[in-house]
Every structure is written in C-alpha cells, then in structure tokens.
Amino acid sequence: MNVFGLDVCTVCIPIIIATLTVGFVTLLIALRFYVAISCGVCKNNRTMEGKTIIITGANGGIGKETARDLARRKARVIMACRNLETAEAARKEISEETGNNDIIVKKLDLGSLQSVRDFAADILKTEERIDILIHNAGMALAFKGATSVDGIELTMATNHYGPFLLTHLLIDKIKASTPARIVIVASELYRLASVNVNKLNPVGSFPAAYLYYVSKYANIYFARELARRLDGTGVTVNSLHPGMIDSGIWRNVPFPLNYPMMAITKGFFKTTKQGAQTTLHVATDPELENVSGKYYMDCKERGLSNAAQDMEKARKIWEESIKLVKLTDSDPKI
Ligand SMILES: NC(=O)c1ccc[n+]([C@@H]2O[C@H](COP(=O)([O-])OP(=O)(O)OC[C@H]3O[C@@H](n4cnc5c(N)ncnc54)[C@H](OP(=O)(O)O)[C@@H]3O)[C@@H](O)[C@H]2O)c1
C-alpha cells in the first residue's frame with residue numbers, strides 16, 4: 001500500500017495506528033497525572049466551629065465543594081443561591097454526608113440589585129455575625145450578550161456589580177465580626193482583557209465571552225481597592241484563581257464547540273474539589289489572618305500584572321460601580 005508516497009505493508013498499518021493510539025492515551029494520562037500533582041491542596045485542618053460563612057453560588061461547581069468542606073469543619077454555612085431547588089438538594093447531600101445540620105439555603109440572584117438587597121436585609125435580620133463572605137458565584141455567556149433586569153450587562157452585573165453591592169450592604173456586620181475575611185473568586189483569565197473605565201456597563205459592545213474576562217478583572221480591582229479601604233479594620237480581602245476547572249461555567253459554549261470543550265475539560269481540567277482548594281486555603285488558613293490585598297493560585301500567593309495593580313484605576317472603577325448599583329445615602333459606605 002502507498003501512503004504519502006511511501007510503500008507501507010498492510011500489516012504495518014494496524015501497528016502504526018495502535019502505536020499512535022497508545023502514545024496519545026499515554027500522553028493524556030501523563031497530562032492528567034500532571035494536573036493532579038500540580039494542584040495546590042489546602043493543608044490546614046482548622047475547625048470553623050462558631051464561624052458563620054456565606055458562600056454565593058454553592059449549589060454546584062466549586063462553590064458546592066467549598067461549602068462541603070466548610071460544613072465538615074463545622075461552620076454555620078449559608079448557601080446563597082438563585083436556584084433554590086438545586087441548592088436544597090446540595091444542602092441535604094452535604095448535611096447528610098458531614099453530619100452538619102447548621103447549613104442554610106437562602107435566595108440570592110446576583111444579577112438583580114433588588115434580590116441582592118432582599119438577601120442582605122434577610123441576613124442582617126437573622127444572622128448575629130458574618131465571619132467569612134465568599135464571593136464564589138459567577139457566570140459566562142458565549143457570543144450572545146444579555147442584560148440584567150437593572151439594565152446592566154448581565155455578566156458584569158452577576159460577577160462584579162452584585163458582589164460589589166452585597167459587600168456594601170453586609171460590611172457593618174462583617175466589621176462587627178472581626179477577625180473576618182472576604183474572599184473573591186476571580187480568574188487568571190483576567191490577563192486576556194482590559195477594563196475600560198469609560199464603559200463599565202458594556203451592553204452589546206463585545207462578544208459576551210470577552211466580558212467574562214473583563215468581569216474577572218473587575219473582581220481583582222475590587223478586591224485590591226476593598227482591601228485598601230478596609231485596612232486596619234480587622235477585615236481582610238483576598239482574591240484568587242481556582243485553576244481551570246471542569247464545572248458548569250462552560251455550559252454556555254455553543255454547539256459544536258461544546259464537544260471539543262467537553263473533551264478538554266474532562267481530560268485536562270481539575271475537578272471541582274480540586275478547584276475549591278485555593279478558596280478554602282484563603283478562607284481558613286490561620287497564617288493568612290492578617291494578610292490582605294493579595295492574589296492566590298494553587299494555594300500560594302501569586303503576582304498580578306502591572307496593570308492590575310493600578311490603584312487609580314481601581315478607585316475609578318469603584319466610584320463608577322457605586323453609581324451603577326445605585327448605592328443610596330442610607331446604605332453603608334466603605
Ligand atoms: N471553572 C473554571 O475553570 C473557573 C476558572 C476561573 C474562575 N472560575 C470562577 O469560579 C467561580 C465558580 O464557578 P464554577 O466554575 O464553579 O462554575 P459553575 O459550576 O457554573 O458554578 C457557578 C455558580 O454560580 C451560580 N450563579 C450564577 N449566576 C448566578 C446569579 N445570578 N446569582 C447567584 N448565583 C449565580 C451558579 O448557580 P446556578 O446553578 O443557578 O447557575 C453556580 O452555583 C466563578 O466565579 C467563576 O468565574 C472558574
């Protein structure tokens with residue numbers, strides 16, 4: 001048989017195919033193994049008994065695994081979720097597995113300013129303290145954009161403006177619970193974007209997927225400016241990248257790209273349990289009690305790009321965000 005001008009015997013073809021297949025599978029296994037051993041692990045076993053921890057988006061993905069671990073550490077865990085059905089199923093599963101009955105589900109849709117206000121009012125009424133607030137929830141669209149009920153681009157509304165407003169509304173109770181922590185799940189993908197301070201509500205202006213990177217960049221600016229403003233209050237603020245994780249965040253990748261994407265996420269991305277490690281490290285590690293304004297990946301502090309350290313830009317984004325979330329004179333200021 002003639003293949004690309006070479007004379008290849010018929011019996012050689014299955015051998016070549018078998019060799020290539022074994023080579024490819026070995027490569028996949030090696031990459032998978034590399035992903036497993038290069039993953040940071042939260043090593044401390046600190047109990048969180050007596051601590052009240054709010055975690056947004058805890059009904060699935062990284063948030064659910066974070067909630068599971070914190071429940072195992074005996075924290076009072078408040079799962080702030082928009083889908084009460086899946087949240088209740090997750091609560092039941094975690095409660096049965098960990099024996100922790102102090103897990104509460106509360107309604108929160110970060111894409112709605114009113115829902116954020118309702119959630120915060122409920123928390124301020126029912127909770128005596130907030131020791132840790134974990135901004136975990138996030139969403140990404142693919143090509144087609146969307147707008148929130150408040151007229152804000154939906155990815156920015158959910159990933160940045162909702163958490164921004166929520167932090168303001170809860171800050172007095174967090175400050176009254178010191179030492180307290182605010183943990184912001186951002187993404188290393190921020191490096192693919194830039195934030196235009198003159199277009200902080202970018203409705204219809206970019207492919208929707210790009211706005212996910214912008215929103216994660218906004219998370220980092222928010223974390224740094226919040227840390228600066230809360231310096232000396234006993235409340236620390238740190239942001240993090242959880243790794244590339246096989247979670248629901250990829251669910252909006254459209255057909256037919258969803259199939260290769262699925263192969264990549266299943267083959268090479270970390271599990272949601274691995275994805276929760278850096279959040280857990282930043283939320284619980286005793287050595288980070290006084291550490292604020294830092295960025296973490298694989299349970300280690302990492303550097304940010306020079307642009308992400310531009311505090312003047314962080315301040316401008318903050319000022320514009322105050323206007324977009326319609327903070328009133330009677331709302332707490334930070
Ligand atoms: N996966 C990755 O590779 C990766 C990489 C870097 C950063 N991150 C970040 O990690 C965080 C967790 O994401 P994930 O990977 O675990 O994705 P996920 O499986 O899709 O989980 C996201 C969670 O956020 C919730 N959520 C989305 N929109 C919401 C809204 N409007 N109000 C309240 N909750 C909302 C989702 O609830 P529903 O079930 O109702 O949708 C879900 O519980 C996100 O901030 C994401 O940006 C992920």
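I began with a definition: a crossing is left-handed if the near helix is turned anticlockwise from the far one by less than a right angle, and right-handed if clockwise. By that rule, α2 passes α3 in a right-handed crossing.

**Entry 1: ground rules.** I am working on a predicted model: local features need pLDDT of at least 70, side-chain atom pairs count only at pLDDT 80 or more, and totals for chains, interfaces and linings use all residues. I count residues from 1 along each chain, as its sequence is written. Helices (H or I, at least four residues) and strands (E, at least two) are DSSP runs, numbered from the N terminus.

**Entry 2: α2 and α3.** I looked up the geometry of this pair. Their axes come within 9 Å and cross at roughly 35°. Axes are lines fitted to C-alpha atoms, for helices over the stretch in contact, and angles run from 0 to 180 degrees between N-to-C directions. Which residues of α2 and α3 make the contact? I found Lys64, Ala67, Arg68, Ala71 and Arg72 on α2, and Ala90, Ile94, Glu97 and Thr98 on α3. Contact here needs C-beta atoms, placed from the backbone, within 7 Å. The residues of this contact of α2 with α3 divide into four nonpolar, one polar and four charged. I noted the classes: Ala, Val, Leu, Ile, Met, Phe, Trp, Tyr, Cys and Pro count as nonpolar, Asp, Glu, Lys and Arg as charged, and the others, Gly among them, as polar.

**Entry 3: α5 and α6.** Helix α5 (residues 154-175) packs on helix α6 (residues 208-229) at about 20°, with the axes 7 Å apart. That makes α5 roughly parallel to α6 (angles under 35 degrees count as such). α5 also passes α6 in a right-handed crossing. Among the contact residues I picked out Phe164 of α5 and Phe222 of α6. By class, the contact of α5 with α6 has nine nonpolar, six polar and one charged residues.

**Entry 4: the sheet.** I traced an open, mixed sheet of eight strands, in the order β5-β4-β3-β6-β7-β8-β9-β10. Strands pair if DSSP finds at least two bridges between them. The edge strands, β5 (103-107) and β10 (300-302), each pair on one side only. The twist averages 25° from one strand to the next. Four bridges join β6 (132-135) to β7 (180-185), which run parallel. Ile134 has Val183 of β7 as its bridge partner.

**Entry 5: the ligand.** Which residues come nearest to the ligand? Of the 29 around it, I listed Gly57, Gly61, Gly138, Ser247 and Gly248. A residue is near if its C-beta atom, placed from the backbone, lies within 6 Å. Helix α2 (residues 61-72) gives the most to this shell, with three residues.

Technical notes:
Parallel < 35°, antiparallel > 145°, perpendicular 65-115°, else oblique. Contact = placed C-beta atoms within 7 Å.
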